[in-house]
Amino acid sequence: MDKILKGILKYRHTFRHGMVEQFEQVKDNPIPKAIFFTCMDSRMLPTRFTYTNVGDMFIVRNAGNLVPHAKLYDTETVSTEPAALELGCIVNGIKNVIICGHSDCKAMNLLYDLRDPALATPEKLHMSPLSAWVCRHGSNSLTKLMQMQVSDFKAPLVFEGELPMRRFVAYIDPENQFNITDKLSQVNTLQQLQNVSSYGFLKRGLTRGEIHIHALWFDIYTGNIHYFSRQQKRFVDVNEDTLPQISEEVRTFFSGRQ
């Protein structure tokens with residue numbers, strides 16, 4: 001806490017003035033361009049690695065950057081994530097929903113361990129809210145990873161996109177650069193796109209192309225950001241060489257409605 005309090009004083013003498021100027025620009029009517037779902041991991045600093053400022057994005061964080069599927073929603077177990085989708089896309093008219101996973105995700109490491117039934121008994125899940133959370137909302141991601149292991153990760157996965165019939169194919173780590181739990185993290189990131197699309201209140205916007213869903217994946221060891229390219233069917237490192245093609249794909253795929 002001492003570090004945080006001293007950090008506040010440093011902020012007052014460095015960044016505060018610039019932030020107040022940004023607050024003045026957006027005033028009481030910010031126009032965010034994206035909802036950014038990511039993990040609560042302390043190494044994830046989305047406004048820094050996307051170079052965004054005050055008013056640019058809604059940011060929602062949880063363990064494992066999970067968005068519960070609509071079939072798991074009811075008024076007794078409502079969570080922040082669907083509420084954030086409604087607040088962002090319906091109330092504020094935000095067009096872009098971004099899911100951002102990352103390497104060495106502790107929630108994904110735990111989810112992978114929970115493939116052992118002995119670690120996922122009702123009694124143990126009752127004693128661990130974290131285990132219950134990742135088991136309940138990450139099980140589909142784990143199932144897909146197990147499917148890939150059968151083919152030694154050579155066969156692609158198929159996910160539902162904005163609409164049930166608008167599916168996309170994904171090859172996960174075809175160069176085999178990442179370990180098994182990082183592969184799971186990438187699968188899980190794409191699974192959340194399918195989960196986002198499951199909400200009925202988003203159907204109109206998704207059908208009309210007014211809401212766009214994207215996947216990013218952050219490698220904390222290299223600092224590289226990967227964008228999932230539906231055209232290339234894989235996560236692609238965003239850099240000076242790849243950006244033109246990725247940008248063109250985004251403009252084409254989403255009909256220039258960014």
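Relative accessible area, computed with a 1.4 Å probe on protein chains only, classes a residue as buried under 20%, exposed over 50% and partly exposed in between. By this scale Thr121 is partly exposed, with a relative accessible area of 23%. Thr121 is placed in the loop between helix 5 (106–113) and helix 6 (122–127), where helices (H or I, at least four residues) and strands (E, at least two) are DSSP runs numbered from the N terminus. The C-alpha atoms of Thr121 and Phe254 lie 43 Å apart, at a separation of 133 residues in sequence.

The structure is a predicted model, in which local features need pLDDT of at least 70 and side-chain atom pairs count only at pLDDT 80 or more, whereas totals for chains, interfaces and linings use all residues. Residues are numbered from 1 along each chain as its sequence is written, and side-chain values use heavy atoms, with hydrogens and water left out.

Salt bridges were examined next. Side chains of opposite charge can pair when their charged atoms come close. With a salt bridge taken as a side-chain nitrogen of Lys or Arg within 4 Å of a carboxyl oxygen of Asp or Glu, the model contains 10 salt bridges. Glu162 takes part in a salt bridge with Arg230 at 2.8 Å, N to O. This pair links distant parts of the chain, 68 residues apart: Glu162 belongs to the loop between strand 4 (157–160) and strand 5 (167–170), and Arg230 to the loop between strand 7 (225–229) and strand 8 (234–237). Glu162 is buried at 4% relative accessible area, and Arg230 is buried at 14%. Glu162 also forms a salt bridge with Arg166, with 4.0 Å between the closest N and O atoms; Arg166 is partly exposed at 31%.

In helix 1 (residues 2–13), Asp2 and Lys6 are 4 residues apart, about one turn of the helix. Their side chains form a salt bridge of 3.1 Å, N to O. Asp2 is partly exposed at 48%, and Lys6 is exposed at 53%.

Helix 1 also holds Tyr11, which is partly exposed with a relative accessible area of 30%. Tyr11 belongs to a nonpolar surface patch with Met1, Ile4, Leu5, Ile8 and Phe15, and the patch has about 660 Å² of accessible area together. Such a patch is made of residues with over 30% relative accessible area and no salt bridge, nonpolar side chains (Val, Leu, Ile, Met, Phe, Trp, Tyr) being joined within 5 Å and like charges within 9 Å. Accessible areas come from the Shrake-Rupley method with a 1.4 Å probe, and for residues only the protein chains shown count as cover.

On a 1 Å grid over the protein atoms alone, a cavity is a set of points where a 1.4 Å probe fits but cannot get out, and lining residues have an atom within 4 Å of a point. Grid points are joined across faces, edges and corners, and a volume is the space filled by probe spheres set on the points. The structure holds 1 cavity of 30 Å³ or more, and the largest cavity has a volume of about 50 Å³. Its lining includes Arg230, Glu249 and Phe254. Strand 6 (212–218), strand 7 and helix 10 (243–253) each contribute at least two lining residues.

Notes: On a 1 Å grid over the protein atoms alone, a cavity is a set of points where a 1.4 Å probe fits but cannot get out, and a pocket is an open set with protein on both sides within 12 Å along at least five of seven lines; lining residues have an atom within 4 Å of a point.
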